[in-house]
Amino acid sequence: MKLTDPTQTLTALIRCPSVTPEEGGALTELAGMLSELGFANDRVTFSDEGTPDVENLYSRLGSEGPHLMFAGHTDVVPVGDAEAWTQGPFSADIVDGEMYGRGAVDMKGGIACFVSALARLIERKGPLKGSVSLLITGDEEGPSINGTEKLLVHAAGKGERWDAAVVGEPTNPDQLGDMIKIGRRGSLSGTLTVEGVQGHVAYPHLADNPLPGMMALASALIDPPLDAGNERFPPSNLEITSIDTGNTATNVIPARCTAKFNIRFNDQWTAESLKAELRARIEQASGGGSSRTGQEKVRYTVKFADRPSSSFLTHDAPLIEALSNAVTEATGRTPALSTTGGTSDARFIKDYCPVVEFGLVGKTMHMVDERVAVSDLEALTGIYELFLERWFDRAGAH
Ligand SMILES: N[C@@H](CCC[C@H](NC(=O)CCC(=O)O)C(=O)O)C(=O)O
Ligand SMILES: [Zn+2]
Ligand SMILES: [Zn+2]
């Protein structure tokens, strides 16, 4: 395999069926490529109660500073409706200039381009003036319990320290060069249960339907909006993802109703201040305040999931500038510096060093027929190579 060719490095990775939590040969394939470039590989499997074991890889080239981390994941989401794919989801077939396969953009493609960029830079300029590490998990698309968070603790425990990190998630909405992510909103999930009394729909006076109470409480969760956003972050947003009674009959009033919700929140909130706000809204709407005067108070419980993630924003101007300049030089575009979208493993890395994210175009991620333009693979490899050269020149000079 020619490591300088991202089409070849990506083909090898896509052909490994690494649906979370299966390693599928992907980390072995990647470790082989990195060994060829002189990296020292550390394969480590993490376990936790109630979750599957997951394999991870930490790999370093060099022993001196400055030290740059590239982070990502080789696990992929399931293929979904396999019959609907026009090419095999693990075939890496190229049709009309696009390579098909699960993980093509999210995010084996980002990893493949980074490996090829390194191979090109080393071929062109010789050994790096510092160190580069790849911190790669097999647990990003899953519960994220046996992945990046533990791998960082593991590596830091062995004395590893980083000056900066780049995550290769697909950050571009439409075209390569659109967007660099310089932070992320936080995420908090919750469950709201309203208690009633089961009974016959024709005899409602003998029952207590939990649904009207749930409607009042759920409305209070979403209205008014949490905030309007600010110059750094989009608005915080609460989405109700399910309201369910488990009732299969048409003539039964259910005993209880449970709603699930998730909030993506900006830097105007912490998980704790958000929980307090939501608890207050629910209590007010339950009749604990004045809104249900004359009616009985809604009986409810609200629980928030463990491990919320907080928002973060990277302030390292030279890091952002080096990446942004490389993108502009290679694509002619000025990337937006954004905090939109979901969370990523950058939420763990930010506790160790400044972190930014840039990868492929995310349009087809998680979809049937996930695919990447071969020209984008070439362009991203060029961007990473430019960035690496600039970052090491600049960081090494200080
Ligand atoms: N499975 C993990 C974390 C889930 C992270 C997920 N992120 C994305 O989908 C990335 C999309 C983007 O780049 O905007 C999310 O936001 O839910 C866990 O459970 O912790
Ligand atoms: Zn991803
Ligand atoms: Zn994903």
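Metal donors are here the N, O and S atoms within 2.8 Å of the metal (3.2 Å for Na, K and Ca), and because water is not among the atoms, sites may look incomplete. The model on display is predicted, so local features need pLDDT of at least 70 and side-chain atom pairs count only at pLDDT 80 or more, while totals for chains, interfaces and linings use all residues. Residues are numbered from 1 along each chain as its sequence is written, chains are lettered from A and ligands numbered from 1 in the order in which they are written, and side-chain values use heavy atoms, with hydrogens and water left out.

**First stop: the zinc ion (ligand 3)**

Select the zinc ion (ligand 3) and display its protein donors: Asp 106 (OD), Glu 141 (OE), Glu 141 (OE) and His 366 (NE2), at 2.0 to 2.8 Å. Along the sequence, the donor residues follow the spacing D-x34-E-x224-H. The angles among the four donor atoms run from 51 to 144°, and the site is classed as irregular. For that classification, four donors are tetrahedral if all angles lie between 85 and 135 degrees; four are square planar and six octahedral if opposite donors are over 155 degrees apart and all others between 65 and 115; anything else is irregular.

Helices (H or I, at least four residues) and strands (E, at least two) are DSSP runs, numbered from the N terminus.

Colour these two residues by accessibility, where buried means under 20% relative accessible area, exposed over 50%, and partly exposed in between (1.4 Å probe, protein chains only). Asp 106 is buried at 4%, whereas His 366 is partly exposed at 43%.

**Second stop: Ser 144**

Move to Ser 144, in the loop between β6 (131–137) and α4 (148–157). Ser 144 is buried, with a relative accessibility of 7%. A polar atom of its side chain lies 3.2 Å from the backbone oxygen of Glu 140. Leaving aside residues up to four places away in sequence, Ser 144 touches Asp 139, Glu 149, Arg 307, Asp 345, Arg 347 and Phe 348, a contact being heavy atoms within 4.5 Å.

Glu 149 belongs to helix α4 and Arg 307 to the loop between β15 (299–304) and β16 (312–313), 158 residues apart. Glu 149 is partly exposed at 34%, and Arg 307 is partly exposed at 44%.

A salt bridge is a side-chain nitrogen of Lys or Arg within 4 Å of a carboxyl oxygen of Asp or Glu, and the structure holds 26 of them. Select Arg 43 and Glu 55 for another, at 2.7 Å from N to O. Arg 43 lies in strand β1 (residues 40–48) and Glu 55 in strand β2 (residues 51–61), so the bridge ties together parts 12 residues apart in sequence.

Then select Asp 267 and Arg 232, whose side chains meet at 2.6 Å, N to O. Asp 267 is in the loop between β14 (256–265) and α6 (271–288), and Arg 232 in the loop between α5 (210–222) and β12 (237–244).

Finish with Arg 124, Lys 125, Glu 385 and Glu 389, which are linked in a salt-bridge network.

Notes: A polar contact is a pair of N or O atoms within 3.5 Å; within protein, one must be able to donate a hydrogen and the other to accept it, and residues adjacent in sequence count only if both atoms are side-chain atoms.
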